[in-house]
Amino acid sequence: MTTHLKYSALNLVPIREGYSDMDAIDQHIILAKHLEKCGYERLWIAEHHNAPNLVSSATSLLIQHTLAHTKTMRIGSGGIMLPNHAPLIVAEQFGTLHKIYGNRVDLGLGRAPGTDMATASALRRNQHNGVYQFPEEVRQLLQYFGSETNQGYVKAIPAVGTDVPIYILGSSTDSAHVAASEGLPYVFAGHFAPDQMKEALEIYRERFEPSRHLEQPYIIVCLNTIVAETDAIAHHLATTQVQVFANILNGRMRKIQPPVEDLSTILSPRILTMSQQRVAQSLIGSDETVKEKIKNFLIEYGNINEIMAVSYIYDESAQHQSYARFKHIMDDLNQAKHITS
């Protein structure tokens with residue numbers, strides 16, 4: 001039984017229609033301050049490249065910018081796409097962030113490039129071998145952040161001895177095996193790949209091996225979350241989210257669009273159906289509706305330690321209100337001890 005369910009947030013730093021990339025960065029910082037005031041556990045930023053609707057390509061720089069404008073909340077990557085980067089460079093960057101900002105830095109690692117193959121080729125020196133080298137490169141990072149006695153000739157200065165916490169990200173079952181074998185926390189991308197979520201979580205729990213980093217499994221599930229005064233308002237706001245996934249399916253990288261009254265007037269039946277399937281596990285509705293959805297989710301998927309909310313909402317005020325409502329829902333559930341495995 002989970003006695004306390006933490007809540008956190010993921011942001012891709014999207015550009016809203018009618019706004020600039022600098023506006024998106026400013027809006028991200030305003031959101032970070034709001035989440036910190038609400039008491040969120042952490043805010044992560046996801047790495048994406050060659051995406052004209054997102055400003056999250058230089059992820060470590062945005063993490064530093066966010067750390068500089070917050071005081072207590074953990075800030076990290078959701079994630080750094082390891083095939084794009086030499087582990088030594090990642091360790092040096094995050095070790096430096098740890099030295100400057102202390103134990104507020106998280107390093108979430110993904111095994112996909114986070115972009116198309118042509119862009120991936122422009123990002124790294126090899127021919128996509130990083131995907132297959134992911135387990136070994138995770139172990140390299142663990143060594144780089146480890147004690148002085150476990151270092152080799154090449155050291156990631158100033159990362160040595162910082163023990164920056166590493167989280168393994170996944171959208172299929174592959175990374176569940178890595179997280180379990182290394183005894184690391186596991187984060188599943190339920191916000192865009194819910195199909196293999198149950199199987200992946202079961203693999204992680206069953207195969208988890210305790211390590212010096214973690215004694216027992218720790219699971220974070222990322223879910224699309226839109227909470228409003230009524231179900232109708234929440235579903236109206238969520239039409240922005242459906243448009244985001246429809247644009248991905250259509251191969252279009254449009255800026256974040258305002259909500260619409262009727263999605264069928266702008267999307268084909270096939271794309272609309274596929275987009276809605278991609279967000280099938282979304283927490284959308286009023287406070288009471290979302291509270292019931294969380295309870296049902298935990299019954300279906302078992303023991304979860306943390307829900308990471310991602311909210312594609314065009315209106316900033318509505319987005320902030322949604323995160324505040326989600327915080328109160330989680331506090332109510334924790335206080336009432338309604339969370340069961």
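Predicted model: local features only at pLDDT ≥ 70, side-chain atom pairs only at ≥ 80, totals over all residues.
**Close-up views of helix pairs and cores**

Residues are numbered from 1 along each chain as its sequence is written, and side-chain values use heavy atoms, leaving out hydrogens and water.

**View 1. Helix H9 crosses helix H10.** The axes of H9 (residues 239-249) and H10 (residues 269-278) come within 9 Å and cross at roughly 115°. Axes are lines fitted to C-alpha atoms, for helices over the stretch in contact, with angles from 0 to 180 degrees between N-to-C directions. Val-242, Phe-245, Ala-246 and Leu-249 in H9 meet Ile-271, Leu-272, Met-274, Ser-275 and Arg-278 in H10 (contact: heavy atoms within 4.5 Å).

**View 2. Helix H11 meets helix H12.** The axes of H11 (residues 287-301) and H12 (residues 316-336) come within 10 Å and cross at roughly 55°. Among the H11 residues in this contact are Val-290 and Ile-294; H12 residues include Phe-326 and Leu-333.

**View 3. Ile-294 sits in the largest nonpolar core.** Such a core joins buried Ala, Val, Leu, Ile, Met, Phe, Trp, Tyr and Cys residues through side-chain atoms within 4.5 Å; buried means under 20% relative accessible area (1.4 Å probe, protein chains only). Of its 94 residues, Leu-107, Ile-294 and Phe-326 touch the most other members. A second, separate core of eight residues includes Ile-226 and Leu-237.

Methods: Buried < 20%, exposed > 50% of the residue type's maximum accessible area, 1.4 Å probe, protein only. Helix = DSSP H or I, 4+ residues; strand = E, 2+ residues; numbered from the N terminus.
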